[in-house]
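Here are a few notes from my look through this one, in the order I'd walk a colleague through it. Have the structure open while you read.

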Amino acid sequence: MPSVTASSRFRVLATLVLALATACSSASSAGPTGSSTPTATGSTGTPSPATSTASPPPPIGNGPIGYVGCSNSAAAVNGYHLAGGRLMWPFIRNYGGGTVTQWATGIGESRNQYWSAFTKQLQNQPTTHTFWFQLCATAEESQNNDDEAIAVIEEIRARVPDAVVYISPLNDWVAPHVCAICGPDGPANMEADASQVVKAGEALRGPTMPPLVAACTDSECGISSRDATQQSNEVEPDGCHPNTNGQLAFGERLMRFFG
């Protein structure tokens with residue numbers, strides 16, 4: 001058997017060390033194969049930022065939480081408090097009719113009923129930094145409202161520079177029922193506008209309200225929802241606004257999202 005010199009042993013050891021170092025370096029630089037990082041969604045209450053470079057939002061649940069919207073938005077907040085929620089602003093009656101167009105055109109008007117109500121509540125709870133913005137529209141206003149929505153968000157941030165805004169579309173109604181105020185395309189258009197605002201990085205995705213069940217008995221309400229009964233009815237006689245059942249359905253959704 002040939003003898004192994006000291007220099008030979010050194011060369012073998014050096015080769016092994018170099019190979020081990022190379023293998024460790026390659027393993028540490030490579031990510032796991034086939035794995036993905038889970039992302040949070042609105043249904044869990046902790047939505048991910050609108051873009052990958054955006055700073056993560058503050059934890060939901062610290063309150064108070066303000067809101068901007070219409071009568072259905074205020075009704076949802078009323079349902080939130082009926083369900084036991086304590087973080088959101090109270091029911092604001094003056095938000096009735098508060099479409100995104102009304103909010104946008106009212107910017108800078110000292111006597112605008114929507115911004116006046118917003119200002120009063122912000123003065124009552126000046127530590128508010130998180131806001132829920134629900135897009136509402138009439139049948140005549142329900143197309144291409146994303147620029148108006150961004151203008152409203154910019155106004156919120158002008159008043160609260162570090163505001164975090166979560167945006168949601170108006171709720172839908174269970175087919176074949178249609179809310180006459182919003183028209184057949186209103187909810188879908190508001191969904192598209194909300195998605196566009198999130199895509200632009202102007203807001204984070206907020207909770208999506210469940211569609212309301214309508215059990216209609218007259219022409220004002222219109223056609224009933226599929227399989228609707230008086231027990232399952234969630235709308236007022238106008239076929240658009242939530243009754244107590246509908247408010248609680250909305251409120252529970254807000255509770256799951258905001259806490």
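1. Let's begin in a loop: Asp227 sits in the stretch between β4 (204–205) and α7 (244–258). This is a predicted model, so read what follows as a description of a prediction. Asp227 has a positive phi of about 60°, although it is not a glycine. Most residues other than glycine have a negative phi. Buried or exposed, then, for Asp227? It counts as exposed, because its relative accessibility is 73% and the cut-off for exposed is over 50%.

2. There's another backbone feature to look at in a loop. Ala175 and Pro176 are joined by a cis peptide bond, with omega at about 0°. Most peptide bonds are trans. Pro176 belongs to the loop between β3 and α6 (186–199).

3. Now the strands. β2 (residues 130–135) is mostly covered, with six of its six residues buried. Which residues are on each face of β2? Thr130, Trp132 and Gln134 are on one side, Phe131, Phe133 and Leu135 are on the other, and all are buried.

4. β2 has strand partners too. It pairs with β1 (residues 65–68) in the parallel sense, over four bridges; here Gly66 has Phe131 of β2 as its bridge partner. β2 also pairs with β3 (residues 164–169), again in the parallel sense, over six bridges. In that pairing, Trp132 stands opposite Tyr166 of β3.

5. Phe133 deserves a click of its own. The largest nonpolar core has 58 residues, and Phe133 is among those with the most contacts inside it, along with Phe118 and Ile167. What does Phe133 touch, leaving aside neighbours within four places in sequence? Its contacts are Val68, Val100, Ala149, Val152, Ile153, Val165, Tyr166, Ile167 and Ser168.

6. That contact list includes Ala149, Val152 and Ile153, which are also among the buried residues of α5. If you want to see what the buried residues of α5 pack against, look at β1, α3 (100–105), α4 (113–124), β2, β3 and α6.

7. Last, the geometry of α5 itself. This helix (residues 146–159) has 14 residues and reaches 20 Å from its first C-alpha to its last. That is close to the 20 Å expected at 1.5 Å a residue.

Methods: Residues are numbered from 1 along each chain as its sequence is written. This is a predicted model: local features need pLDDT of at least 70, side-chain atom pairs count only at pLDDT 80 or more; totals for chains, interfaces and linings use all residues. Side-chain values use heavy atoms; hydrogens and water are left out. Buried means under 20% relative accessible area, exposed over 50%, partly exposed in between (1.4 Å probe, protein chains only). Helices (H or I, at least four residues) and strands (E, at least two) are DSSP runs, numbered from the N terminus. Two strands pair if DSSP finds at least two bridges between them. The expected span of a helix is 1.5 Å times one less than its number of residues. Contact means heavy atoms within 4.5 Å. A nonpolar core is a set of buried Ala, Val, Leu, Ile, Met, Phe, Trp, Tyr and Cys residues joined through side-chain atoms within 4.5 Å.
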